[in-house]
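Here are a few exercises to work through with the model open beside you. Try each task before you read its solution.

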Amino acid sequence: MSPQQEREPIISIRGLKTAFGATVIHDELDLDIYRGEVLGIVGGSGTGKSVLLRTIIGLNHQKKGTIKVFDKDLDALESAERRAIERRWGVLFQNGALFSSLTVAQNIEVPMREHLALPKALMDEIAAMKIAMVGLPPDAGTKYPSELSGGMRKRAGLARALALDPEIVFLDEPTAGLDPIGASAFDALIKELQQALGLTVFLVTHDLDTLHAICDRIAVLAEKHVIVTGDMGQMLSFDHPWVQEYFHGPRGRAALQAKEQ
Amino acid sequence: MTQTGEFASLKFSDTPEGARAEIQGRWVIAGLAEADTALRQWRPSGKPAVALDLAALERLDTAGAWVLHRTRKTLRAEGLQVEYINVQPDHTALLARVEANDAPGSVEPRQSNIVVVVLAEIGETMADAVNEARALLGFLGLLMATLGRTIANPRRLRGTPLVYHLEAVGFNAVPIVALISFLIGVVLAYQGATQLRQFGAEIFTVELVAISVLREIGILLTAIIIAGRSGSAFTAQIGSMKLNEEIDAMRTLALDPMEMLVLPRVLALIIALPMLGFIADIMGLLGGAVMCWVVLDITPALYLQRLNEWVPLAHFWVGMIKAPFFALMIGLVGCFEGLQVKGSAESVGQLTTKAVVESIFMVIVVDAIFSIYFAVIGF
Ligand SMILES: Nc1ncnc2c1ncn2[C@@H]1O[C@H](COP(=O)(O)OP(=O)(O)O)[C@@H](O)[C@H]1O
Ligand SMILES: [Mg+2]
């Protein structure tokens, strides 16, 4: 048995099928995510990475298959139980998806205010701490999302995703649209937070540097299912045209060299 | 694991070395409220050495670590020597991280003095009104220039969107316009009949209904319905395209948003509104006829004859001539406000409201100008 199989899967997907009308996006998809790991999901554009993420968190409903999170079948839960589970994960959407009529700090307080009864002073302090934690300047708290740059909006979105100290965070292309320096800073931030807070991270990305820098395991989505999971070494030696092209193409080689230096 | 039901707990004690707080249980965000309050109120007495004993801490998250850190910080600021003791190895990294991220911060947007805010707001509103009037006039000019170019070169006209908008603003509005004007015809006839009967002049109800519907109410009502229905839709459509940077994308592709978005919408309105106005006229007259028949026993045949003899066609044309101008106002304001959207989804909402209010206002202003004009020329 490999060490992975002895670990406890925090999310476990079996025989998943999703479709929009007649278009099947996933078929017979199996995937395990283990507690405390950073799992990178890669795949060509339109292979259904975002749809997979949305299906796990319940924004999209599968046609077949089961999704277990924390060992509970999400479809079999009462809505109260489901909400309790939803509080244990945080999601960063592709564009941050901040509420545009609230300031950054108010955005971070939304989940606390909706789910918990905390004193206002404590919520304000926690919001300020989360803002610092994701590397935003203190005055960002009073700004509206439209006053922030793309990178800052992503950081603010991450702060909101972390508001309830979740155990799992789902990140959809967190470094897309950031400059390389901003992207590596964001990678470092995710890794640091993951280690300090013991997070499990489900990371959809196209960024090869991110994959090298922070992912413990990588899952490749192609042909409607996960064709391979494993660490970078396994990816480099896996025999599939898309996987070869992706990890051995010019960008893949550059990222590999950068990692080795 | 963050689960509700189990709370952070605390025990205060005094030891020979000084006051001590034993931190017990699960210090996670869901169960912190009481412990937070207790620690805020805690004023350790006795020796200046204070200890926060973390030996019995089961679970810690950033919020719990923050409360501990803040307690230590505030007590230290009061001159006490506060230390964590018996820290478990699992918790050191988290405590350090939270300490490193202690930052002041506020939540609400910055606010200045209320008087200043009110004065500034009044000033801004006035300045905005002037600027806006000027910008709207500029927009009208731009639209006319685009229209001129399109007439000179009709191939530039976007046929498909024009037809699409004709359906959306014209055809789809027929039921609501017809229903409302029919009902207004009924109401007018009933009111007219009850009032005029007092003078034995109930036969004039026909003229009352016909002249007011044809000259004013048919077209004005239609314009107001369309301002609410389509003017707002224009603002919302163009506004969300603006938010999505679609308008910027068009410009960079050397496509003219005036030609692509504004002209088809405004032209569709200019074509559709007279037709809708015509339908409103017919339905208004029909409503009047029904009511005259019911309350006054004026048969449809008599009603028609009376219309023919006593209501000149000029009234109909007075109403109709206004329709394209109303349409221009509604389309202009709707598209203009859509292009003013910036920043957030909230801005789409505000400007949509503004577009409706403003276009109804403009329609009534234009109507008043026409009334004065017709009065002067005696039409
Ligand atoms: N709401 C939807 N309705 C119909 N098709 C959709 C919807 N959302 C996504 N799709 C389709 O599903 C496929 C996968 O999309 P997505 O998961 O966004 O890809 P990516 O892997 O690039 O994130 C795409 O072909 C897309 O067109
Ligand atoms: Mg995607």
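This is a predicted model: local features need pLDDT of at least 70, side-chain atom pairs count only at pLDDT 80 or more; totals for chains, interfaces and linings use all residues.

Residues are numbered from 1 along each chain as its sequence is written, chains are lettered from A and ligands numbered from 1 in the order in which they are written, and side-chain values use heavy atoms, with hydrogens and water left out.

**Exercise 1.** Describe the surroundings of ligand 1.

*Step 1.* List the residues with a heavy atom within 4 Å of the ligand. Phe20(A), Ile25(A), Gly44(A), Ser45(A), Gly46(A), Thr47(A), Gly48(A), Lys49(A), Ser50(A) and Val51(A) surround ligand 1.

*Step 2.* Sort them by class: Ala, Val, Leu, Ile, Met, Phe, Trp, Tyr, Cys and Pro are nonpolar, Asp, Glu, Lys and Arg charged, and the others, Gly among them, polar. The shell has three nonpolar, six polar and one charged residues.

*Step 3.* Find the element that gives the largest share. Helix H2 (residues 49–56) of chain A does, with three residues; helices here are DSSP runs (H or I, at least four residues), numbered from the N terminus.

*Step 4.* Look for polar contacts, pairs of N or O atoms within 3.5 Å. Oxygen atoms of ligand 1 lie 2.8 Å from a backbone N or O atom of Lys49(A), 2.9 Å from one of Val51(A) and 3.4 Å from one of Thr47(A).

*Step 5.* Finish with area, by the Shrake-Rupley method with a 1.4 Å probe. Ligand 1 alone exposes 560 Å², and the protein buries 53% of that.

**Exercise 2.** How do H4(B) and H9(B) pack?

*Step 1.* Helices H4 (residues 114–152) and H9 (residues 257–296) of chain B meet at about 90°, their axes 10 Å apart.

*Step 2.* H4(B) is therefore roughly perpendicular to H9(B), the term for angles of 65 to 115 degrees.

*Step 3.* Contact means heavy atoms within 4.5 Å. Among the residues making it are Phe139(B) and Leu143(B) of H4(B) and Val262(B) and Val266(B) of H9(B).

*Step 4.* By class, this contact has nine nonpolar, two polar and two charged residues.

**Exercise 3.** Which residues join H10(A) to H11(A)?

*Step 1.* From H10(A) come Tyr246(A), Phe247(A) and His248(A), which meet Pro250(A), Gly252(A) and Arg253(A) in H11(A).

*Step 2.* The classes are three nonpolar, two polar and one charged.

Technical notes:
Axes are lines fitted to C-alpha atoms, for helices over the stretch in contact, and angles run from 0 to 180 degrees between N-to-C directions. Helices (H or I, at least four residues) and strands (E, at least two) are DSSP runs, numbered from the N terminus. Angles under 35 degrees count as roughly parallel, over 145 as roughly antiparallel, 65 to 115 as roughly perpendicular and the rest as oblique. A polar contact is a pair of N or O atoms within 3.5 Å; within protein, one must be able to donate a hydrogen and the other to accept it, and residues adjacent in sequence count only if both atoms are side-chain atoms.
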